Amino acid sequence: ISITKRLIQISLGIQCKLYLDSVGIKPVQECLSDKYYYGLDFASALTNSTYTKSAIELANKTDVQLLHI
């Protein structure tokens, strides 16, 4: 997790990825495992790029939020 923040008793972890190509499934898996390891309420992946189909499918099934800047 690149950023962890606790706001008003809600914890959020953000995995930041600066990629030229699409972001694959691995960062989503890392978000999910870090969510449980650190006991976070929410986990998100943030990128300047796009996400692969498999990354989107896993995120949808595991409530990992995919963010784009």
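Trainee: Does Ser49 count as buried or exposed?

Mentor: Buried means under 20% relative accessible area, exposed means over 50%, and partly exposed lies in between (1.4 Å probe, protein chains only). Ser49 counts as buried because its relative accessibility is 10%. The model is a predicted one, in which local features need pLDDT of at least 70 and side-chain atom pairs count only at pLDDT 80 or more, while totals for chains, interfaces and linings use all residues. Residues are numbered from 1 along each chain as its sequence is written, and side-chain values use heavy atoms, with hydrogens and water left out.

Trainee: Which residues does Ser49 touch?

Mentor: A contact means heavy atoms within 4.5 Å. Leaving aside residues up to four places away in sequence, Ser49 touches Tyr19, Leu20, Asp21, Ser22 and His68. Ser49 itself sits in the loop between strand S3 (42-47) and H2.

Trainee: How many helices and strands does the protein chain have?

Mentor: Helices (H or I, at least four residues) and strands (E, at least two) are DSSP runs, numbered from the N terminus. The protein chain has two helices and four strands. Read from the N terminus, their order is β-β-α-β-α-β. Of the 69 residues in the protein chain, 32% are buried. Among contacts with a separation of 6 or more, 53% come from residues 24 or more positions apart.

Trainee: How many bridges join S2 to S3, and do these strands run parallel or antiparallel?

Mentor: Two strands pair if DSSP finds at least two bridges between them. S2 and S3 are joined by six bridges and run parallel. Gly13 has Ala43 in S3 as its bridge partner. Between S2 and S3 the chain passes through H1, and this β-α-β crossover is right-handed. The term means that, with the strands pointing away from the viewer, the path from the first strand over the helix to the second runs clockwise.

Trainee: Which element makes a β-α-β unit with S3 and S4?

Mentor: H2 does: S3, H2 and S4 form a right-handed β-α-β unit. S3 and S4 (residues 65-68) run parallel, with four bridges between them. One of the bridge pairs is Ser44 with Gln65 in S4.

Trainee: Which residues make up the largest nonpolar core?

Mentor: In soluble globular proteins, nonpolar side chains tend to be buried together. A nonpolar core is a set of buried Ala, Val, Leu, Ile, Met, Phe, Trp, Tyr and Cys residues joined through side-chain atoms within 4.5 Å. Here the largest one has nine residues: Val23, Val28, Cys31, Ala43, Ala45, Tyr51, Ala55, Ala59 and Val64. H1, S3 and H2 are the elements that give two or more residues to this core. Ala43 touches Leu12, Gly13, Cys31, Lys35, Asp63, Val64 and Gln65, again not counting residues up to four places away in sequence.

Trainee: How many salt bridges does the structure hold?

Mentor: A salt bridge is a side-chain nitrogen of Lys or Arg within 4 Å of a carboxyl oxygen of Asp or Glu. The structure holds three. Lys17 forms one with Glu30, with 3.9 Å between the closest N and O atoms. This pair links distant parts of the chain, since Lys17 is in strand S2 (residues 10-17) and Glu30 in helix H1 (residues 25-37), 13 residues apart. Glu30 also meets Lys26 in a salt bridge (3.9 Å, N to O). Lys26 and Glu30 both lie in H1, four residues apart, about one turn of the helix. Glu30 is partly exposed at 25% relative accessible area, and Lys26 is exposed at 55%.

Trainee: Which residue forms a salt bridge with Glu57?

Mentor: Lys53 does, the closest N and O atoms being 3.9 Å apart. Both residues belong to helix H2 (residues 53-62), four residues apart, about one turn of the helix. Glu57 is partly exposed, with a relative accessible area of 39%, and Lys53 is exposed, at 63%.

Trainee: What is the geometry of the aromatic pair formed by Tyr37 and Tyr38?

Mentor: A pair of aromatic rings is described by the distance of the centres and the angle of the planes. Rings of Phe, Tyr and Trp (its six-membered ring) pair if their centres lie within 6.5 Å; planes under 30 degrees apart count as stacked, over 60 as edge-to-face and the rest as tilted. The structure holds one aromatic pair. Tyr37 and Tyr38 are edge-to-face, at 5.0 Å centre to centre and 90° between the planes. Both Tyr37 and Tyr38 are exposed.
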